[in-house]
Amino acid sequence: MKARKMVLLAVLVAMGCGLFVLESAVPPIAAVPGLKLGLANIVTLLAMEWFGRKEAAMVLLCRILLTSLFAGQAVYFLYSIAGGIACYLVLCLFRGAPLWARSALAAIGHNVGQVTVAAVLTGSFSVYWLLLYLIIGAIISGSLIGVAAEMVTRRMKDFIKGD
Amino acid sequence: MKNKNLLYIAVFSAAIILCVIGILALQTRPAQGVADIYLEGELVRSVEWASLEQPMEIPIGDGNILCADGEGVWMKHADCPDQLCIKQGKIKGGALSIVCLPNRVTVTLRAPKAEMDGVAR
């Protein structure tokens, strides 16, 4: 891997961790467990847009490992990894969709993955009702984050290709 | 490209409307008088809160304290950092449970069993 690419990927991972910490400082918008902005997911989108599937997976895994260390509780790792994998699969599946829509779909995938882990851990399927709230949040925040990723990509196009 | 954007906007709008309808439908469900408390997937206690006259505290495991009175149940204490289950407030009906993800506690409401109704009548 070229040093340039490695550095860019590392910057994405660092940005993801920073956004995660920033986001955990924001008080929850509503009392729905799991409802979050998901700002950190923008780096997965960017890695996927700029480089490809393999690189996006690397950025995602590194980010989840590091942020789980920050979060402290082991159970958060399970939620993050389940959400991350589901989100990643959706991103790969909907390659033809415009970026903002892909982002929203991936956010829904993320929530479905996390609620599934919650259902297994709590042994109660009633947590799936949470999805009604989470899907609304995922569509709104996912689309906005996707639009942000589009804007960043447009401005960074020349830089990413190399000079 | 433009058509695709429109297609996804339509799909997402429809999904949001469906979710809102679902949430509204859940909120109109009548109160359900029994709270089932699950800890790590196992039913540890059922509380008939609808008939309570005094508020009652129910410790769940080591980390949570649930409160119930005649008007609903709510989480009073949790030792987790996010405190989301407390912010969920009082529930009395609907399908939404109180969930404390870090401690793996869920409190779901249901109607009393049929034979209980018979006794009450």
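Two strands count as paired if DSSP finds at least two bridges between them. Keep that rule in mind for this predicted model. In general, the strands of a sheet pair through backbone hydrogen bonds, either parallel or antiparallel.

Chain B has an open sheet of 3 strands. Their order is β3-β4-β5, and the pairing is antiparallel. Strands β3 (56-60) and β5 (72-78) of chain B stand at the edges. Each has a single partner strand, so one side of each is left without a neighbour in the sheet. Direction ignored, neighbouring strands here are turned by 25 degrees against each other on average.

## How β4 meets β5

Which strand pairs with β5(B) over 6 bridges? It is β4 of chain B, residues 64-69, and the pairing is antiparallel. A hairpin of 2 residues joins β4(B) to β5(B).

Individual bridges can be traced in the structure. Ile65(B) has His77(B) in β5(B) as its bridge partner. Cys67(B) is partnered by Trp74(B), also in β5(B).

## A sheet of four strands

Chain B also holds an open sheet of 4 strands, in the order β2-β1-β7-β6. Its pairing is antiparallel. Here β2 (42-48) and β6 of chain B take the edges. Each of these edge strands has a single partner, so one side of each lacks a neighbour in the sheet. The twist averages 20 degrees from one strand to the next.

Look at the end of the order with β6(B). Strands β6(B) and β7(B) run antiparallel and are joined by 3 bridges.

## Asn103 in its loop

Where is Asn103(B) found? Asn103(B) lies in the loop between β6 (98-100) and β7 (105-110) of chain B. Its side chain makes a polar contact with the side chain of Asp79(B), at 2.9 Å.

Other residues touch Asn103(B) too. Leaving aside neighbours within four places in sequence, Asn103(B) is in contact with Leu39(B), Gly63(B), Asn64(B) and Asp79(B).

## Where the chains meet

Now turn to the interface. Chain A and chain B bury about 2800 Å² between them. Of this area, 77% is on carbon and sulfur atoms. The contact takes 34 residues from chain A and 30 residues from chain B.

How many salt bridges cross the interface of chain A and chain B? The rule finds 0. Polar contacts do cross the interface: 3 residue pairs are found, with both residues at pLDDT 80 or more.

On the side of chain A that touches chain B, the elements giving two or more residues are α4 (74-93), α5 (99-122) and α6 (130-161) of chain A. Helix α5(A) gives the most, with 8 residues. By class, this side of chain A has 27 nonpolar, 7 polar and no charged residues.

## A salt bridge within chain A

Over all chains, the count comes to 7 salt bridges. One of them is formed by Lys5(A) and Glu55(A). Their closest N and O atoms are 2.6 Å apart.

This pair links distant parts of the chain. Lys5(A) is in helix α1 (residues 3-24) of chain A. Glu55(A) is in helix α3 (residues 53-71) of chain A.

How values were computed:
Residues are numbered from 1 along each chain as its sequence is written. Chains are lettered from A and ligands numbered from 1 in the order in which they are written. This is a predicted model: local features need pLDDT of at least 70, side-chain atom pairs count only at pLDDT 80 or more; totals for chains, interfaces and linings use all residues. Side-chain values use heavy atoms; hydrogens and water are left out. Axes are lines fitted to C-alpha atoms, for helices over the stretch in contact, and angles run from 0 to 180 degrees between N-to-C directions. Contact means heavy atoms within 4.5 Å. Buried area is the accessible area (1.4 Å probe) that two parts lose on being put together, summed over both. A salt bridge is a side-chain nitrogen of Lys or Arg within 4 Å of a carboxyl oxygen of Asp or Glu. A polar contact is a pair of N or O atoms within 3.5 Å; within protein, one must be able to donate a hydrogen and the other to accept it, and residues adjacent in sequence count only if both atoms are side-chain atoms. Ala, Val, Leu, Ile, Met, Phe, Trp, Tyr, Cys and Pro count as nonpolar, Asp, Glu, Lys and Arg as charged, and the others, Gly among them, as polar.
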